[in-house]
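This briefing covers one protein model, grouped by topic. The sequence and structure come before the notes.

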Amino acid sequence: MALMRKPVVAGNWKMFKCGDEAATLAAAVDSGGSPLAAEVDIVICPPFPALVRVADVLRAGSVALGAQNMHWENEGAYTGEVAPPMLVDAGCRYVILGHSERRTLFHETDENVNRKTHAAIAAGLVPIVCIGETLDEREAGKTHNVIAAQVEGSLKGIGAELSRIIVAYEPVWAIGTGLTATPEQAQDVHAFIRRRLGQIGDRPSAESTRILYGGSVKPANAGELFRQPDIDGGLIGGAALDADAFLAIAKAATV
Ligand code: PGA
């Protein structure tokens, strides 16, 4: 990881943790994460109903709050959706967008993700924009093509604002499967993403954009992933539900 980019470790809690459990987990991350905050940006992303409860626990401000999705409009007749200003009001500073589960299970497209990315920036939120190839795409040798199309589609018109976003590379075949990309496989795609960012924006902005790896990151493999030059931290699913494991991963980003 390059020295000029502060690492980020973000926990994606997915559809886990009700109020009390969420508050307990957040408090443990907050107390263990505060001493690391100068060296790594730590973010936790609970489900919507737990956001306000968790925001109360994170009052010290060294661990930040994020959401897992949002709509692109600021308000309107969109039953079941949550708007960017609502997330800001709940205390969020980050929002995960275009996670592969949203793309696969809820039919989100690059166009939707692009609208959301613009809306997040306009609301003052830092979008964590997720991209990644499926196993079939990797085995067919299409990884770079798929990633290029996702970068271009999801980040259309964002060239001047690359410093305000985070990209998460999450190979779909590695999410929740226990299979992790090797550090070399991940580095290859991260370097490719950075080159593409340099084409939609300018080179210095692309160099300053933080690109996270996600997909079965654990304390045992975090260090070697984070030592790769273009890997600037991680988006953590399963291991983010355990405070000790999540904090060990955050710690791995500081060395
Ligand atoms: P995982 O999930 O760490 O459980 O593989 C990562 C993610 O979906 O963001």
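The model is predicted. Helix H8, residues 183–200, has 18 residues and should span 26 Å at 1.5 Å a residue, and its end C-alpha atoms are 26 Å apart, which agrees.

**Helix H8**

- Buried residues of H8 include Pro 183, Ala 186, Gln 187, Val 189 and His 190.
- Ala 191, Phe 192, Ile 193, Arg 194 and Leu 197 are also among the buried residues of H8.

- Strand S7 (residues 210–214) has five of its five residues buried, so the strand is largely enclosed by the rest of the structure.
- In a regular strand, side chains alternate between the two faces of the sheet.
- In S7, Arg 210, Leu 212 and Gly 214 point one way, while Ile 211 and Tyr 213 point the other way, and all are buried.
- Strand S6 (residues 166–169) runs parallel to S7 and is joined to it by four bridges. Tyr 169 has Tyr 213 of S7 as its bridge partner.
- Strand S8 (residues 233–236) is also parallel to S7, with two bridges joining them. Here Gly 214 stands opposite Leu 235 of S8.
- A right-handed β-α-β unit is made by S7, helix H10 (residues 219–226) and S8.

- Strand S3 (residues 63–67) is largely enclosed by the rest of the structure, because five of its five residues are buried.
- Val 63, Leu 65 and Ala 67 lie on one side of S3 and Ala 64 and Gly 66 on the other; both faces are covered, and these residues are all buried.
- Three bridges pair S3 with strand S2 (residues 41–45) in the parallel sense. Leu 65 in S3 has Ile 44 opposite.
- S3 and strand S4 (residues 94–97) run parallel and are joined by two bridges. Gly 66 is opposite Tyr 94 of S4.
- One right-handed β-α-β unit consists of S2, helix H2 (residues 51–57) and S3. Another right-handed β-α-β unit consists of S3, helix H3 (residues 84–90) and S4.

**Largest pocket**

- The volume of the largest pocket is about 490 Å³.
- Its lining has 22 residues, and those nearest the pocket centre are Lys 14, Met 15, Gln 68, Arg 102 and Phe 106.
- By class, the lining holds 11 nonpolar, six polar and five charged residues.
- Helix H4 (residues 100–105) supplies the largest share of the lining, three residues.

**Loop residues**

- Most residues other than glycine have a negative phi.
- Lys 17 is not a glycine, yet has a positive phi of about 90°. Lys 17 sits in the loop between strand S1 (8–12) and helix H1 (19–33), and is partly exposed, with a relative accessible area of 27%.
- His 107, also not a glycine, has a positive phi of about 60°. Its place is in the loop between H4 and H5. Since exposed means over 50% relative accessible area, His 107 counts as exposed at 62%.
- Glu 108 is found in the loop between H4 and helix H5 (110–123). With a relative accessible area of 9%, Glu 108 is buried.
- Glu 108 and Gly 98 are 10 residues apart along the chain, and their C-alpha atoms are separated by 6.8 Å.

How values were computed. Residues numbered from 1 in each chain as written. Predicted model: local features only at pLDDT ≥ 70, side-chain atom pairs only at ≥ 80, totals over all residues. Heavy atoms only, no water. 1 Å grid on protein atoms, 1.4 Å probe; cavity = no way out; pocket = protein on both sides within 12 Å on 5 of 7 lines; lining within 4 Å. Points joined across faces, edges and corners; volume = space filled by probe spheres on them. Nonpolar A, V, L, I, M, F, W, Y, C, P; charged D, E, K, R; others polar. Buried < 20%, exposed > 50% of the residue type's maximum accessible area, 1.4 Å probe, protein only. Pairing = 2+ DSSP bridges. Right-handed = clockwise from strand over helix to strand, strands pointing away. Expected span 1.5 Å × (residues − 1).
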